[in-house]
Amino acid sequence: KISPNQTPEHVKTLETCKSLLESSIVPLSFVPLDLRSKDLCELAAEKQPLSLDVMPPDYITQSLCDRAVALEPTMLRFVPRHFLTPNLMLSTVKRVPETIEYIPIDLIPTEVFDIVAPYKLALIPEYERTMERCKSAVRNSLEDNIDAVPEEL
């Protein structure tokens, strides 16, 4: 396996990069930064939505974020704040509760805490560990949940 630093010079042309991206032979990370145009990034997003982490911020769109996270929930960590919609956060955390760790605490909708509590109470800030959420977590009787219940409850 070669790294982006080892990409041969003859591959570092716009035409070659476009062709390689179209055929999904190389990821966007192999395209030199100076060649990552909006068109090339849109092509990469269409062919390889998981390239979100190497996309120039100005080229990231809501639909690109939605597609990337739908394919791979952990891509949520690369979604810019302004694209973290309640629907994107809820649907992702429903599929993989641990992805709550990629959401800034001040953006997390209350419903997300309800989804995560039964699976991993420790991922929820202590001030959000209500009696109902703790009961739900303990009922699920997963490891660690009982240890995450605040003492006062």
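**Helix packing and cysteines in the predicted model**

Helix H5 (110–116) is part of what covers the buried residues of helix H6. H6 spans residues 131–140, and its buried residues are Arg 133, Cys 134 and Ala 137. These three sit on the same side of H6, because the arc they cover around the axis is only 100°. Turn to the face pointing away from this buried side, and the exposed residues Glu 132 and Arg 139 come into view.

Helix H1 takes in residues 14–22 and helix H2 residues 38–47; the two pack with their axes 9 Å apart, at an angle of about 15°. That angle is under the 35 degrees cut-off, so H1 runs roughly parallel to H2. As for handedness, H1 and H2 cross in a left-handed sense. On the H1 side, the contact is made by Leu 14, Cys 17, Lys 18, Leu 21 and Glu 22. H2 answers with Leu 40, Leu 43, Ala 44 and Lys 47.

Cys 17, then, belongs to the H1 side of that contact, and it counts as buried because its relative accessibility is 3%, under the 20% limit. Cys 65 is buried too, with a relative accessibility of 0%. Cys 134 has already turned up among the buried residues of H6. What about bonds between cysteines? A disulfide covalently links the sulfur atoms of two cysteines. With sulfur atoms within 2.5 Å as the criterion, the count of disulfides in the model is zero.

Note on methods. Residues numbered from 1 in each chain as written. Predicted model: local features only at pLDDT ≥ 70, side-chain atom pairs only at ≥ 80, totals over all residues. Heavy atoms only, no water. Buried < 20%, exposed > 50% of the residue type's maximum accessible area, 1.4 Å probe, protein only. Helix = DSSP H or I, 4+ residues; strand = E, 2+ residues; numbered from the N terminus. Arc of directions from axis to C-beta. Contact = heavy atoms within 4.5 Å. Axes fitted to C-alpha atoms, helices over the stretch in contact; angles between N-to-C directions. Parallel < 35°, antiparallel > 145°, perpendicular 65-115°, else oblique. Left-handed = near helix turned anticlockwise from the far one by under 90°.
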